[in-house]
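User: I have a structure open and I am new to it. Can you show me how to read its features, one at a time?

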Amino acid sequence: MVDSSDQAAGRLREAKRVTVLTGAGISAESGIATFRDAMTGLWSQFNPADLATPEAFRRDPELVSRWYDERRLQVAGCRPNDGHLALARMERIAGARGVKFTLITQNVDRLHQAAGSQSVIELHGTLWVWRCVDCGKEAEETGPAFSEYPPTCICGGSRRPGVVWFGEGLNWRDLSAAGVAAKACDLLISVGTSSVVYPAARLIEDAIAAGAKVLEVNPNPTPFSDEVDWSIRGKSGEVLPRLVEEAFGNGVDAHRIDSSAG
Ligand code: APR
């Protein structure tokens with residue numbers, strides 16, 4: 001393992017198919033708690049079995065829907081940080097260079113989209129869409145707090161957040177698109193994920209097995225830190241802007257693009 005952003009930046013500049021996988025860590029600098037960081041992580045304060053499972057919702061739909069709505073309102077007050085912005089810039093540069101770029105996130109906060117990222121695969125759903133458990137009707141929810149918990153659908157059914165709970169299957173279209181992107185890329189960048197939750201973590205395994213170079217950005221080690229090509233210990237809001245600048249220059253994108261495209 002080599003802690004060298006130069007080599008990683010060189011690989012990013014040369015790559016033809018880039019896939020990025022993000023986790024809660026990329027939103028930490030926007031003021032959103034991660035799940036497993038000691039003390040501050042949500043799961044150190046709350047028991048996921050009481051809040052993030054279909055059984056928990058059946059048992060206490062008021063508690064669960066109120067908790068997720070509070071998270072939705074908290075996220076509403078947050079802004080994308082330099083890490084999100086760097087990935088949106090990376091996508092634009094890739095587009096201009098004819099490079100295939102895929103952004104896969106485990107996050108449900110839509111800060112990537114708020115930063116300008118165009119195509120985002122939301123593996124674990126989103127806080128911004130709520131679904132009726134009876135008729136399945138989905139609706140975007142960007143307004144103030146619900147007036148009742150759980151919120152009620154026009155069919156009379158209870159509505160739940162459009163996130164993927166533990167024990168639930170992921171959307172197979174998203175999962176297969178993510179799998180294809182991980183297996184076909186020549187560079188996978190894993191950012192701000194503890195890499196312990198599956199099937200998302202398998203995408204890192206798939207990329208390594210397919211021979212792609214893998215860069216990990218995380219202040220803490222993960223189970224893959226000894227297997228990846230580069231593991232940079234740092235905050236994504238600091239490391240990613242630097243990486244994009246080392247690879248493509250400081251925003252005068254046109255110059256680097258022309259010279260490297262030959
Ligand atoms: N920049 C980059 N990484 C960071 C930062 C930061 N500023 N701050 C913390 N991290 C790292 C932590 O070291 C940790 O490895 O982010 C990771 C967050 O890990 P988790 O809290 O486990 O979040 P994540 O990997 O996204 O969890 C996966 O688990 O609870 C479920 O559905 C939920 O999508 C979530 C999934």
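User: Where is R110 found?

Analyst: R110 is found in the loop between β2 and α8. Keep in mind that this is a predicted model.

User: What is the phi of R110?

Analyst: Begin with the general idea. Most residues other than glycine have a negative phi. Now the case here. R110 has a positive phi of about 55°, although it is not a glycine. R110 is also partly exposed, because its relative accessible area is 24%.

User: Is S195 buried or exposed?

Analyst: Buried means under 20% relative accessible area. S195 has 3% relative accessibility, so it counts as buried.

User: What about the bond from Y198 to P199?

Analyst: That bond is cis too, with omega near 10°. P199 has its place in the loop between β7 and α10 (202-209).

User: Next, salt bridges. How many does a search of the whole structure find?

Analyst: The search finds 11 salt bridges. Read each one as a pair of side chains, then ask where the partners sit.

User: Which residue meets R110 in a salt bridge?

Analyst: E122 does, and the N to O distance is 2.8 Å. This pair links distant parts of the chain. R110 is in the loop between β2 and α8 (111-114), while E122 is in strand β3 (residues 120-122). The two are 12 residues apart.

User: Is E122 buried or exposed?

Analyst: E122 is buried, because its relative accessible area is 14%.

User: What is the distance between the side chains of E138 and R131?

Analyst: Their salt bridge has an N to O distance of 3.6 Å. E138 is partly exposed, with a relative accessible area of 46%. R131 is partly exposed as well, at 25%.

User: Which residues are joined into one network?

Analyst: R110, E122 and E140 are joined, through salt bridges that share partners.

User: How far apart are the closest N and O atoms of R59 and D50?

Analyst: They are 4.0 Å apart, and the two residues form a salt bridge. R59 counts as exposed, because its relative accessibility is 57%. D50 is partly exposed, at 39%.

User: Last, the inside. Which residues touch the most other members of the largest nonpolar core?

Analyst: This core has 29 residues, and L12, V20, M90, I189 and L243 touch the most other members. Several helices and strands each supply at least two residues, including α1 (5-14), β1 (17-22), α7 (82-97) and α11 (236-248). The largest share, six residues, comes from α11.

User: What does V20 touch?

Analyst: Leave out residues up to four places away in sequence. V20 then touches L87, M90, F101, T102, L103, I104, I189 and V191.

User: Which residues does the second core include?

Analyst: The second core is separate and has 21 residues. L51, A52, F57 and W165 are among them.

Conventions: Residues numbered from 1 in each chain as written. Predicted model: local features only at pLDDT ≥ 70, side-chain atom pairs only at ≥ 80, totals over all residues. Heavy atoms only, no water. Core = buried A, V, L, I, M, F, W, Y, C linked by side-chain atoms within 4.5 Å. Buried < 20%, exposed > 50% of the residue type's maximum accessible area, 1.4 Å probe, protein only. Helix = DSSP H or I, 4+ residues; strand = E, 2+ residues; numbered from the N terminus. Contact = heavy atoms within 4.5 Å.
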